[in-house]
Amino acid sequence: WAQQLEWWHLAVATAARYGKPLVLHEVHAFAECAAGLRKHPELPVLRHGWNTPDAVRLEEALGLGWRIGVGWKTPPETVEFFRCRPEFRDRLALESDDTAEPEALTELYLRVAAQLAIPMEILLQEQERNFYNFLKGHP
């Protein structure tokens with residue numbers, strides 16, 4: 001665990017040094033990751049594969065400026081949170097790495113658009129803007 005944390009801190013420091021976004025996949029280390037990333041508020045972070053219905057943790061991650069990766073394994077409560085709190089939709093990042101089926105991404109977008117009660121065109125525009133901002137290094 002100590003060596004894993006050492007490498008993780010090195011990855012964060014490298015991303016911060018070069019102004020690159022960081023994709024985070026933590027499973028049981030939310031507190032440690034949050035603590036380490038509080039030192040780098042300028043660093044754009046995408047928390048890949050959000051799969052917990054924990055609204056308190058979600059609000060904390062969003063409060064840190066993280067984007068939240070939503071896919072097929074993401075609980076519906078997470079998308080409901082974004083429906084009820086549209087001011088955070090610029091932090092929503094739809095992803096499809098939990099399936100190899102190409103049509104699954106379209107199905108995911110249709111499902112999320114319906115859950116958010118917005119037209120698909122709006123969701124597509126928001127996602128394009130969200131990923132553009134993330135890749136350009138905007139926290």
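Colleague: How many salt bridges does a search of the whole structure find?

Modeller: The search finds six salt bridges, the term being used for a side-chain nitrogen of Lys or Arg within 4 Å of a carboxyl oxygen of Asp or Glu. This is a predicted model, in which local features need pLDDT of at least 70 and side-chain atom pairs count only at pLDDT 80 or more, while totals for chains, interfaces and linings use all residues. Residues are numbered from 1 along each chain as its sequence is written, and side-chain values use heavy atoms, with hydrogens and water left out.

Colleague: What makes the meeting of Arg-89 and Glu-126 a salt bridge?

Modeller: The N to O distance between their side chains is 2.6 Å. Arg-89 belongs to the loop between α4 and β4 and Glu-126 to helix α6 (residues 120-135), so the pair ties together parts 37 residues apart in sequence. Helices (H or I, at least four residues) and strands (E, at least two) are DSSP runs, numbered from the N terminus.

Colleague: Why is Arg-89 called buried?

Modeller: Its relative accessible area is 12%, and buried means under 20%, exposed over 50% and partly exposed in between (1.4 Å probe, protein chains only). Glu-126, with 11%, is therefore buried also.

Colleague: Why does Arg-38 count as partly exposed?

Modeller: Arg-38 has 44% relative accessibility and therefore counts as partly exposed. Its side chain meets that of Glu-60 in a salt bridge of 2.7 Å, N to O. The pair links distant parts of the chain, with Arg-38 in the loop between α2 (30-37) and β2 (45-47) and Glu-60 in helix α3, 22 residues apart. Glu-60, at 30%, is partly exposed.

Colleague: Which residues are linked with Arg-85 in a network of salt bridges?

Modeller: The network links Arg-85 with Glu-59 and Glu-87. The side chains of Arg-85 and Glu-59 meet at 3.5 Å, N to O.

Colleague: Which residues make the contact?

Modeller: Leu-58, Glu-59 and Leu-62 of α3 and Thr-78, Phe-81 and Phe-82 of α4 make the contact, meaning heavy atoms within 4.5 Å.
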